[in-house]
Amino acid sequence: MKIDLTETTSSKINQALVSARRSIGSPAVGMVLTLVIVTDEENAYDALKSATDSAREHPSRIIVVIKRVSRSPRSRRDARLDAEIRVGSDSGSGETVVLRLHGELANHAQSVVLPLLLPDAPVVVWWPEDAPAHPAKDPLGALAQRRITDTYSAEHPLDELSVRAATYQPGDTDLAWTRITPWRSMLAAALDQLPAQIISATVEGESDNPSCELLAMWLADRLGVPVERTLSGGPGLTAVRMETKSGVIVLDRADGSLATLCMVGQPDRAVALKRRETAELLAEELRRLDPDNIYESAVKFGVERLGGPAEASSVGSGSKQSAPTGAAAPAAKKAAAKKAASK
């Protein structure tokens with residue numbers, strides 16, 4: 001069932017939701033959370049599709065907030081709220097409310113969203129792109145227990161990682177971090193099978209990919225060893241190598257789908273490590289509503305050392321160039337400062 005409301009209010013939207021549920025016999029108590037998506041017209045379709053797919057695992061009330069940019073000064077002064085309501089088969093396993101905020105109302109989205117939140121249910125806010133610098137202090141972000149951003153969609157992803165680290169608050173997370181969950185699981189399992197002291201590590205992947213940087217920082221943070229960041233033609237993450245006293249552990253994924261795990265004294269094994277869709281990433285993040293302390297530790301580790309990969313990103317696709325991270329970065333910075341002083 002779809003209901004269109006023009007020049008409406010939050011109260012009228014709530015009344016329409018109750019009426020629609022009664023018509024199709026769908027109780028609100030079956031929904032476990034409210035997911036608020038803050039986006040624009042260009043990206044609304046893809047974001048809503050991903051959220052609807054993830055709602056099969058997490059029945060939710062999905063509220064899409066679209067701020068319509070007004071061109072003329074007069075239209076900017078006129079505040080108007082248009083809404084589209086979808087329930088039943090048109091909204092997957094929950095309810096969907098698409099809000100279009102015109103004029104001055106676009107600056108007060110929280111006043112429209114607040115009455116539409118499910119009572120006594122967690123709130124998650126997701127910015128598919130153009131996330132605020134400080135999600136926890138954003139008016140909509142302040143309503144949520146969890147705040148999801150995606151540095152991969154930023155114009156300068158590595159700079160955005162530094163912003164995420166500087167403004168982190170418990171409850172923040174990022175889909176660039178979610179993308180490396182299978183990699184972290186596979187690497188941890190490899191070390192369980194082959195207990196060994198790690199001497200150093202290398203993370204290889206395409207330039208301007210924040211997931212590669214996060215994985216490098218995670219390894220450096222958890223292992224306490226130098227981690228080198230090298231560039232490849234992608235797609236995404238392509239390989240991780242960990243040097244041990246007994247040999248090297250390599251997890252290599254050249255095609256973005258199937259990876260090969262090579263360990264000392266064991267035959268090479270093929271492992272599924274495909275690149276996941278946004279709906280899968282979102283569903284994973286909605287499984288937990290508590291702060292992610294491992295993400296916090298990783299994103300805050302050595303964020304200032306991301307200058308190396310940013311400079312190396314100018315190298316053409318397919319070439320490789322080392323960028324100092326982890327324990328190697330301070331020495332690199334010191335050498336650079338000494339070289340500059342000698343000129």
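Helices (H or I, at least four residues) and strands (E, at least two) are DSSP runs, numbered from the N terminus. By that rule, the secondary structure of the protein chain comes to 12 helices and 15 strands. This is a predicted model, in which local features need pLDDT of at least 70 and side-chain atom pairs count only at pLDDT 80 or more, while totals for chains, interfaces and linings use all residues. Residues are numbered from 1 along each chain as its sequence is written, and side-chain values use heavy atoms, with hydrogens and water left out.

**The chain as a whole**

- Of the 343 residues in the protein chain, 49% are buried, where buried means under 20% relative accessible area, exposed means over 50%, and partly exposed lies in between (1.4 Å probe, protein chains only).
- Among contacts (heavy atoms within 4.5 Å) between residues at least 6 apart in sequence, 71% join residues at least 24 apart.

**Arg164 and its surroundings**

- Arg164 is found in helix H5, which covers residues 157-166, and it counts as buried because its relative accessibility is 4%.
- Leaving aside neighbours within four places in sequence, Arg164 is in contact with residues including Ala131, Pro132, Ala133, His134 and Pro135, and also with Thr149, Thr151, Asp174, Tyr295 and Val299.
- The side chain of Arg164 reaches the backbone oxygen of Pro132 at 2.8 Å.
- Arg164 and Glu296 are 132 residues apart along the chain, and their C-alpha atoms are separated by 9.5 Å.

**Helix H8 and the helices that pack with it**

- H5 packs with helix H8 (residues 210-223) at an angle of about 50 degrees, with their axes 9 Å apart; axes are lines fitted to C-alpha atoms, for helices over the stretch in contact, and angles run from 0 to 180 degrees between N-to-C directions.
- That angle makes H5 oblique to H8, given that angles under 35 degrees count as roughly parallel, over 145 as roughly antiparallel, 65 to 115 as roughly perpendicular and the rest as oblique.
- H5 passes H8 in a right-handed crossing, a term used if the near helix is turned clockwise from the far one by less than a right angle, whereas anticlockwise is left-handed.
- Pro157, Leu158 and Leu161 of H5 make the contact with Pro210, Glu213, Leu214 and Met217 of H8.
- By class, this contact of H5 with H8 has six nonpolar, no polar and one charged residues, where Ala, Val, Leu, Ile, Met, Phe, Trp, Tyr, Cys and Pro count as nonpolar, Asp, Glu, Lys and Arg as charged, and the others, Gly among them, as polar.
- Helix H7 (residues 181-193) also meets H8, with axes that come within 11 Å and cross at roughly 35 degrees, and H7 passes H8 in a right-handed crossing.
- In H7, Trp183, Arg184, Leu187 and Leu191 meet Leu215, Trp218, Leu219 and Leu223 in H8, and by class the contact has seven nonpolar, no polar and one charged residues.

**Two loop residues with positive phi**

- Asp120 lies in the loop between helix H4 (109-113) and strand E6 (123-126), where its phi is near 55 degrees, a positive value in a residue other than glycine.
- Asp120 counts as exposed because its relative accessibility is 86%.
- Asp130 is found in the loop between E6 and strand E7 (146-149), and its phi is near 50 degrees, again a positive value in a residue other than glycine.
- Asp130 is exposed, with a relative accessible area of 66%.

Definitions and conventions: Polar contact = N/O pair within 3.5 Å; in protein donor to acceptor, adjacent residues only side chain to side chain.
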